[in-house]
Amino acid sequence: MPEGTMITTPSGIDVKRLAGALGAEISGLDLAEDNYDNLFPALYQAFLDHQVIVLRGQNLTPDQLVDLSKKFGDLEAHVLTQFNMEENPEVLLISNVKKAGKPIGAIYAGQYWHSDLSYMPRPTQGSFLHSKEIPSYGGDTMFCSMTQAYDDLSEPMQAFLGGLTATHDYTNAYDTFFAHMPDRPPLTAEERAKVPPVTHPVIRTHPETGKKTVYVNPGFTRRINELSFSESRRVLDFLFEHCYQPQYIYRHMWGVGDLVIWDNRSTCHRAVADYDMTENRHMIRCSVAGDVPQ
Ligand code: OGA
Ligand code: MN
């Protein structure tokens, strides 16, 4: 299907590709108003096929976002429980809005390439991010197809990586990216205790599509276990440089009401911190629990 071509699937939803490697816009669906039960299989298939799906102009309440997310699977809670919505603890706030001088949501969330909760034994399946307020410019989110990046590696490289595992650790992000950030409190001892390091394969197989994917990221991957420290550093750096090339990326420019759903099993993403922090960027988010990477 050429880029930019709108197709109506036999099941009724309109799908338009947004970039070469991943990303598609779904239109003709008002998730707040329509009964979309019969369209759900097509929506889910688009999520698997395109890895990131975009539905613009939605106006979902937190409850409606929860209902949609639950069709994908069981919801999971984030380590940072203080940013869960008071009225709806299944919804996390990604926000720079402050109340009494303190951010009400996770501020500086994901300003480095990562796959959500890759530091947990069972990382996230799908993430659902719905924008309510956006700055006048900037604050995009970039997504990278880790399956396409894997496919373009040579066979000897694929075979080499296929035998390796890596340590993922949430505190890696705090030791590096968040280390000098104001307003981003360090993890408490209690929070740290909830996120001991975990081991995952460097190459994982998507449980539903069967596609192989590179599953390391600079946010949470500390090292490749079977290599020496210096080899690990260099192999990780090679992978990051290879994977985050422009041809594997879709960059989402947010509009108010956008709902973006991404598959963490086959993609990485990062927030672009180029907006004016005196302007509000306020999003609500749900996430669905995935399985143990194989
Ligand atoms: C997230 C995340 C990026 C953004 O919600 O998991 O990484 O652009 N957000 O807000
Ligand atoms: Mn994220």
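**Ground rules.** Since the model is predicted, I took local features only at pLDDT of at least 70 and side-chain atom pairs only at pLDDT 80 or more, while totals for chains, interfaces and linings use all residues. Residues are numbered from 1 along each chain as its sequence is written, chains are lettered from A and ligands numbered from 1 in the order in which they are written, and side-chain values use heavy atoms, with hydrogens and water left out.

**Manganese site.** I looked up the protein donors of the manganese ion (ligand 2) and found His 114 (NE2), Asp 116 (OD) and His 269 (NE2), at 2.1 to 2.2 Å from the ion. Donors here are N, O and S atoms within 2.8 Å of the metal (3.2 Å for Na, K and Ca); water is not among the atoms, so sites may look incomplete. Along the chain, the donor spacing reads H-x1-D-x152-H. Asp 116 and His 269 lie 153 residues apart and link distant parts of the chain. I place Asp 116 in the loop between strand 7 (102-103) and strand 8 (124-133), and His 269 in strand 17 (residues 267-271). Helices (H or I, at least four residues) and strands (E, at least two) are DSSP runs, numbered from the N terminus.

Next I checked contacts between the donors. The side chain of Asp 116 makes a polar contact of 3.1 Å with that of His 114. Another, of 3.2 Å, joins the side chains of Asp 116 and His 269. A polar contact is a pair of N or O atoms within 3.5 Å; within protein, one must be able to donate a hydrogen and the other to accept it, and residues adjacent in sequence count only if both atoms are side-chain atoms.

Are Asp 116 and His 269 buried or exposed? Asp 116 is buried at 6% relative accessible area, and His 269 is buried at 5%. Buried means under 20% relative accessible area, exposed over 50%, partly exposed in between (1.4 Å probe, protein chains only).

**Strand 17.** Four of its five residues are buried, so strand 17 is largely enclosed by the rest of the structure. I find strand 17 paired with strand 9 (residues 141-145), antiparallel, over five bridges. Two strands pair if DSSP finds at least two bridges between them. Ser 145 stands opposite Thr 267 of strand 17.

I then turned to an open sheet with the order 11-10-14 and antiparallel pairing. Strand 11 (198-201) and strand 14 (221-224) are the edges, each pairing on one side only. Strand 10 (residues 165-168) pairs with strand 11 over four bridges. Ala 166 has His 200 in strand 11 as its bridge partner.

**Aromatics.** I noted 14 aromatic pairs in the structure. One of them is Tyr 44 with Phe 47, tilted, at 5.4 Å centre to centre and 45° between the planes. Rings of Phe, Tyr and Trp (its six-membered ring) pair if their centres lie within 6.5 Å; planes under 30 degrees apart count as stacked, over 60 as edge-to-face and the rest as tilted. Tyr 44 and Phe 47 are three residues apart in helix 1 (residues 40-50), so about one helical turn separates them. Phe 47 is buried at 0% relative accessible area, and Tyr 44 is buried at 14%.
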